[in-house]
Amino acid sequence: MNSQTHNNDVIVIGGGIIGICASYYLQKSGKKVVLLEQNQVGTGSSYGNTGWIVPSHSIPIKSPGTLQTLKWLLNPKSPFYIKPTFNIDLWDWLIKFRKYSSSSNIENRISLSTKLSQESLNLYKEIIQSENIHCEFEQKGIIQLHNDERSFEEGVKDAELLRLNGIKSNILIQKELKLIEPSIKSNIYGGIHFINDAYLNPFTTVSSLANIFIKNGGIIYPNTQVEDLHINGNKITSISTNKGIYTSKYIVLATGAWSSKLMKKIGVNLPIQPAKGYSISFKNTKNTPTRPLILSETRVGISPFNNYFRAAGTLELSGLNLKIAPKRIESIKKAIHSYIDIDLKNSSEDIWCGMRPLSPDGLPLIGLTSKIDNLMISTGHSTTGVTLAAVTGKIIQQLIDSQKPLIDIEKLSPNRFI
Ligand SMILES: Cc1cc2nc3c(=O)[nH]c(=O)nc-3n(C[C@H](O)[C@H](O)[C@H](O)COP(=O)(O)OP(=O)(O)OC[C@H]3O[C@@H](n4cnc5c(N)ncnc54)[C@H](O)[C@@H]3O)c2cc1C
């Protein structure tokens with residue numbers, strides 16, 4: 001085995017949108033950064049998602065009632081599915097999730113989440129403009145569609161709550177929806193247009209940032225899996241990989257859904273569950289929507305890109321695996337047809353699944369753990385990792401440079417679940 005020291009300042013483990021944004025900002029602040037990725041950069045959860053940058057998604061996933069949870073458990077076609085299992089980590093996670101989703105501090109979490117996502121959106125705009133990145137970034141807002149009155153009323157209530165936190169929206173009745181997006185079916189009850197939301201092509205964004213990082217002297221080692229971390233006192237002194245040993249002053253953990261597994265090896269307990277989601281990218285479609293849509297009752301999201309349109313959804317707690325369940329793909333297709341008039345008969349499809357790193361309170365885990373002084377945790381971004389990547393990267397750089405983070409991150413401490 002070879003040993004690679006090279007006087008690195010920082011090693012970033014994980015080349016998804018979080019790892020790449022952290023590497024970008026650390027390099028900008030003059031650090032010598034090496035990124036280790038077990039596969040190819042951008043091929044994890046950051047690959048086939050809808051690419052939304054959505055301050056409007058700042059309300060945590062609501063806790064289901066006990067009856068609803070049972071229904072999910074029994075129905076593999078539901079938008080949320082928990083595979084019945086005796087996995088202790090999953091049950092521990094579910095208990096924590098239930099505690100957080102029924103707790104009284106939801107308003108504080110919404111306020112923190114909106115601040116983070118709005119700051120992230122500003123940072124994305126800054127990076128895209130200053131680096132001249134072509135990643136299909138658009139800020140046309142996102143329309144949340146409701147096909148029944150009750151869910152529409154709930155959506156309107158949530159929009160009110162978000163408005164108190166600076167998130168602007170317009171309520172749209174049936175006729176208005178059709179004028180904005182002719183492909184929307186005429187029986188859709190109503191919609192909410194979150195006017196400042198944006199989206200981009202996630203893989204193009206990660207690849208572009210990786211190219212900029214390499215051009216400016218950064219090193220990326222693909223197919224390099226971190227197998228263990230070696231500790232002396234309160235510090236990680238070296239990292240073993242399938243390609244050799246690496247050392248550096250700081251380590252950034254950006255391994256997404258794989259984070260708990262890796263951290264277990266050094267006795268750090270991170271309550272993160274892999275939450276599988278699927279997407280279908282359709283090529284050669286006609287009458288596609290011109291902006292992202294949320295098909296509320298089915299929890300499916302749609303993004304139109306230059307050469308295809310993508311529909312994504314489902315949140316499946318079934319462990320660390322990338323098995324595709326055909327039933328889920330069928331559910332997503334069914335959802336599309338119930339909200340929009342679109343002809344998919346002659347289109348080709350690219351089916352994908354990825355694992356979101358889901359934390360019990362929906363917020364990321366950012367900062368040091370109580371055990372190790374040179375390990376910066378940067379994971380658990382749940383359903384909004386694309387949204388929060390830019391601000392996370394900036395904060396990680398500020399923490400490593402001993403600067404005051406641009407947003408108070410006390411509530412994001414990886415130690416908050418202990
Ligand atoms: C269907 C779907 C739709 C989504 N839509 C959106 C959206 O529209 N907007 C939004 O904000 N978020 C969305 N998300 C969530 C978002 O995709 C994630 O939160 C985000 O991609 C997480 O980024 P990450 O960098 O932490 O993880 P990843 O992209 O998974 O990156 C982690 C990387 O670490 C690598 N790695 C893991 N272990 C090791 C190891 N031991 N050694 C070396 N490398 C390792 C992995 O190979 C991987 O490349 C969606 C997710 C899904 C599944």
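User: In strand 15, what stands opposite Gly301?

Analyst: Good place to start! This is a predicted model, and in it Ile294 stands opposite Gly301 of strand 15. The partner strand here is strand 14, residues 293-295, and the two pair in the antiparallel sense over 3 bridges.

User: Which way does strand 15 run relative to strand 16, parallel or antiparallel?

Analyst: Strand 15 and strand 16 (residues 309-317) run antiparallel, joined by 4 bridges. To find the pairing on screen, look for Ser303, which stands opposite Arg310 in strand 16. A hairpin of 4 residues makes the link from strand 15 to strand 16.

User: Let's turn to helices. How should I read the side that a residue points to?

Analyst: An α-helix has 3.6 residues a turn, so residues three or four places apart point the same way. Now try helix 10, residues 385-400. Helix 10 is mostly covered, with 14 of its 16 residues buried.

User: Where does helix 10 bend, and by how much?

Analyst: The bend is at Val391, and it amounts to about 30 degrees. After helix 10 comes Ser402, with a positive phi near 55 degrees.

User: How far apart are the C-alpha atoms of Arg150 and Lys283?

Analyst: They are separated by 34 Å, and the two residues are 133 places apart along the chain.

User: Finally, the ligand. Which residues come nearest to it?

Analyst: Of the 42 residues around the ligand, the nearest are Gly16, Gly44, Gly256, Gly277 and Gly385. The elements giving two or more residues to this shell are helix 1 (17-28), strand 13 (273-283), strand 17 (348-358) and helix 10 (385-400).

User: How many residues of each class does the shell around the ligand have?

Analyst: Sorting by class gives 26 polar, 14 nonpolar and 2 charged residues.

Key: Residues numbered from 1 in each chain as written. Predicted model: local features only at pLDDT ≥ 70, side-chain atom pairs only at ≥ 80, totals over all residues. Near = placed C-beta within 6 Å. Nonpolar A, V, L, I, M, F, W, Y, C, P; charged D, E, K, R; others polar. Bend = angle between axes of the 7 residues up to and from the residue. Buried ≥ 20, exposed ≤ 12 C-beta atoms within 10 Å, placed from the backbone. Pairing = 2+ DSSP bridges.
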